Amino acid sequence: MFIKYEKYARKILANNIIYFRLKKNWSQEDFADALKTTTTYVSNLENARRNTRIDYIGHIADTLGVSLEQLFIEDPK
């Protein structure tokens, strides 16, 4: 089976951002404020519509209080 890893990795990241954000009981607005960005940017990340730099993914991990690796585990539960 051939997987398009670009979209696959982005979807895993998106799902994990949502998962860890909700574990903190944060709305998208809360998360955007913590990241010092907009809710539109957060929404685009969470809907896998936006690519982001690897250093910014590190900032997301730090903000959520998780490791960078946890953001790319297919099922973090």
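## Overall picture

Of the 77 residues in the protein chain, 35% count as buried, where buried means under 20% relative accessible area, exposed over 50% and partly exposed in between, with a 1.4 Å probe and protein chains only. What you're looking at is a predicted model, where local features need pLDDT of at least 70 and side-chain atom pairs count only at pLDDT 80 or more, while totals for chains, interfaces and linings use all residues. Residues are numbered from 1 along each chain as its sequence is written, and side-chain values use heavy atoms, with hydrogens and water left out.

The chain has 4 helices and 0 strands, so its elements read α-α-α-α from the N terminus on; helices (H or I, at least four residues) and strands (E, at least two) are DSSP runs, numbered from the N terminus. The accessible surface comes to about 5100 Å², with 51% of that belonging to carbon and sulfur atoms (Shrake-Rupley method, 1.4 Å probe). Take the contacts between residues at least 6 apart in sequence: 59% of them join residues at least 24 apart, contact meaning heavy atoms within 4.5 Å.

## H2 against H4

Helix H2 (residues 28-35) and helix H4 (residues 54-64) pack at an angle of about 115°, and their axes are 10 Å apart. Those axes are lines fitted to C-alpha atoms over the stretch in contact, and angles run from 0 to 180 degrees between N-to-C directions. The crossing of H2 past H4 is right-handed, that is, the near helix is turned clockwise from the far one by less than a right angle.

On the H2 side, Phe31, Ala34 and Leu35 do the touching; H4 answers with Tyr56, His59, Ile60, Thr63 and Leu64. Sorted by class, this contact has 6 nonpolar, 2 polar and no charged residues. Here Ala, Val, Leu, Ile, Met, Phe, Trp, Tyr, Cys and Pro count as nonpolar, Asp, Glu, Lys and Arg as charged, and the others, Gly among them, as polar.

## His59 and Leu35

His59 sits in helix H4 and is partly exposed, at a relative accessible area of 30%. A polar atom of the His59 side chain lies 3.3 Å from the backbone oxygen of Leu35.

## Arg21

Over in helix H1 (residues 5-23) we find Arg21, which counts as buried at 8% relative accessibility. Its side chain joins that of Glu46 through a polar contact of 2.6 Å; such a contact is a pair of N or O atoms within 3.5 Å, and within protein one must be able to donate a hydrogen and the other to accept it, with residues adjacent in sequence counting only if both atoms are side-chain atoms.

Leaving aside residues up to four places away in sequence, Arg21 touches Trp26, Ser27, Gln28, Phe31, Glu46 and Leu64.
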